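Morning, everyone. Please bring the model up on your screens, and I will walk you through a few of its helix contacts and residues.

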Amino acid sequence: CEGRGQCRLSGCRRGRQVRRRELIMDAITLEVMRNRFFAITEEMGAALIRTAYSTNIKDRRDCSCALFNINGDTIAQAEHIPVHSGVLPWGVKGALKHVDKDALKPGDAIMHNDPFIGGTHLPDIIIFSPIFYNGKLVAFVGNLAHHVDVGGKVPGSLTPDATEIFHEGICFPPVKVKKEGIIDSEIYGMFQSNIRTKYESGGDLMAQIAANNVGEKRFGELCDEMGIDVVLEAVTELEKYCDRRMAAELEKLPAGIYEFEDSLEGDGITTEEPLQIKVAVTTGGPKIKIDFTGTCPQVRGPLNCVRPMALACVYYVIRAMTDPTIPPNSGTYSRFEVITPEGTLVNAVYPAATGSGNSITCQRLVDVLIGALAKATPEKACAAACGSMNGIQLGGYNPKTHSFFANGETVGGGYGGMWDQDGTSGVNTHMTNTRNTPVEVLETIMPVKVIRYGLMPDSEGPGLHRGGFGIERVLEFQTDEVDCFIASDRVNTPPWGLAGGMSAGGAHFTVIRADKTVEHLPSKSRIRFYKNDRLYIQTSGGGGWGNPASRDKESLRRDIRDGLVSMERAEKEYGGL
């Protein structure tokens, strides 16, 4: 229009367009827009972490942020916690079935934590907000954060002896916690009245809302800069782009049906018998089918997964074992057919307890999926990792401060070895991406003293490329009446190896009382500690890959020199130096 004001392209401020731009997005513009979308979600995550009150979010970073289209499909999601990648969009989609989209207004924020609408467990609270531009709903922005307490029968809410969701805390259906920019004092008051850690959780809730405010602002600025037509076109084209890339990767997989099974060590309540998880992966062409038929029925204990949790595992593994550079977008997963029989461990029905589903069961779902796909694409597979988030929940009442305390931590372990490298040591694996709680922080917020914190020697799975080492953490309690809840696995079923690699050492949980009495705990335990009692946490390493006798001798010498592999183990498992 050359400055004459005749340009019809939305967003043309300077009047320099000569003709209306055809809405066919070129690759360069699409790549710029992709990065802009993901930058918004990353900035949201930074805002949430920096403004949160609890150690669980500001230090461990147990949260995720995303952008969604008006139907709840993912546009972009920051690379935070893999288990949230499949849950967040379904949490938004599920909530929108209960919310009148036409009645939403700028400044609204919807909150819920109901796993059966779309979530994981009750401490994971989802908050999402509509984004309006020129009075029209154009997108949603949202986040999920794990709160240190949401009520229930124990401090921290998660307990291995929960048999129904009512034991695990207060459950919110989709409600407007913020209406036209104003916090709903009644809903907020109900939230505060049902939790123990009012200060931390109240601050975390406000941090979640603030993070969404950042996302709304940045999306609006993007629309101002590029024009709403270009932004919405990019949303559509990004979905198509991700679909094309995943289709091309699926085409590369050799056609076949690949099966695998593994088990969990009981539900911690009614049975110690193995709980079987089975999968059959069918490849061939631009689609993939994942069938969990044969997986055991849902259980009384809190190991149950709702379907979105199983989907998150599928999304993570297939993206990791094809091309992990494909953006996490709804189009990336559109060619996946996932069968999760209702009433089973991978698609539990109300009112099943789900507290440990993401920290234990999801990790085993990853193991079986990798085990199956290792037969199709072995160069992309790692041996089994530590197999659990090794959840340690501590809580109680501090008579000195007249307040409750609670803290949850996932201790981590070792990754499995691969065809070209050793497994990583001492990290949270697969479906969690959280950090640890620093010793100084833990000793500040909890009545404990950390006696030891380091890698666990001789815990790796031997192999040409060994697995990573597990973690040893020893806690000494400084007060009485501290409740502890351990949600773990791989005590009696150590992580397996691949291609001739050996299993890793299993996890161990040991209590030494102040009077020197020793107790060995199962993988799922509820126990109470008193002053000067000690808890020894020893997590699994990762399985090995390839024949241990073929391991590079210099690498073996380095592990011995670092105190990670004993001379006895080197002789027995690796054939010596």
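Helix α3 passes helix α8 in a right-handed crossing. Keep in mind throughout that this is a predicted model.

Where do you find these two? Helix α3 covers residues 82–96, and helix α8 covers residues 307–321. Their axes come within 7 Å and cross at roughly 130°. At that angle, α3 is oblique to α8.

Which residues make the contact? From α3, they are Pro82, Val83, Ser85, Gly86, Val87 and Trp90. From α8, they are Pro308, Met309, Leu311, Ala312, Tyr315 and Tyr316. Sort them by type and you get 10 nonpolar, 2 polar and no charged residues.

Now step back to the whole chain. How many helices and strands does it have? There are 12 helices and 20 strands. The radius of gyration is 25 Å, and the globule rule gives a close 25 Å for 577 residues. So the chain is as compact as a globular protein of that length. Along its principal axes, the C-alpha trace spans about 85 × 60 × 45 Å.

Two more numbers for the overall picture. Of the 577 residues, 60% count as buried. Then take the contacts in the chain with a separation of 6 or more. Residues 24 or more positions apart account for 71% of those.

Back to α8, which has another partner. That partner is helix α9, residues 357–373. Here the axes come within 9 Å and cross at roughly 40°. The two helices are therefore oblique to each other. The crossing of α8 past α9 is right-handed.

What does each side bring to this contact? On the α8 side, we have Met309, Ala310, Cys313, Val314, Tyr316, Val317, Ile318 and Met321. On the α9 side, look for Gly357, Asn358, Cys362, Leu365, Val366, Leu369, Ile370 and Leu373.

Aspartate 367 then contacts Phe260, Asp262, Ala384, Ala385, Gly387, Arg490 and Trp496.

Now to another helix pair. Helix α1 packs against helix α7, residues 228–252. The angle is about 95°, and the axes are 10 Å apart. That makes α1 roughly perpendicular to α7.

Who is in this contact? Leu30, Met33, Arg34 and Phe37 come from α1. Val231, Ala234, Val235, Glu237, Leu238 and Tyr241 come from α7. The types here are 8 nonpolar, no polar and 2 charged.

Zoom in on leucine 238, which lies in α7. Its relative accessibility is 0%, so it counts as buried. Not counting residues up to four places away in sequence, leucine 238 touches Leu30, Arg34, Phe37, Ile75 and Asn329. For a sense of distance, take phenylalanine 405. It is 167 residues from leucine 238 along the chain, and their C-alpha atoms are separated by 45 Å.

Where is it? It is found in the segment before α1, which runs 27–51. Buried or exposed? Isoleucine 24 has 67% relative accessibility, over the 50% cut-off, so it counts as exposed. Isoleucine 24 and alanine 234 are 210 residues apart in sequence, yet 9.6 Å apart in space, C-alpha to C-alpha. Ala234, remember, is one of the α7 residues in the contact with α1.

That is the tour. Questions, please.

Methods:
Residues are numbered from 1 along each chain as its sequence is written. This is a predicted model: local features need pLDDT of at least 70, side-chain atom pairs count only at pLDDT 80 or more; totals for chains, interfaces and linings use all residues. Side-chain values use heavy atoms; hydrogens and water are left out. Axes are lines fitted to C-alpha atoms, for helices over the stretch in contact, and angles run from 0 to 180 degrees between N-to-C directions. Helices (H or I, at least four residues) and strands (E, at least two) are DSSP runs, numbered from the N terminus. Angles under 35 degrees count as roughly parallel, over 145 as roughly antiparallel, 65 to 115 as roughly perpendicular and the rest as oblique. A crossing is left-handed if the near helix is turned anticlockwise from the far one by less than a right angle, and right-handed if clockwise. Contact means heavy atoms within 4.5 Å. Ala, Val, Leu, Ile, Met, Phe, Trp, Tyr, Cys and Pro count as nonpolar, Asp, Glu, Lys and Arg as charged, and the others, Gly among them, as polar. The radius of gyration is taken over C-alpha atoms; the globule rule is 2.2 Å times the number of residues to the power 0.38. Buried means under 20% relative accessible area, exposed over 50%, partly exposed in between (1.4 Å probe, protein chains only).
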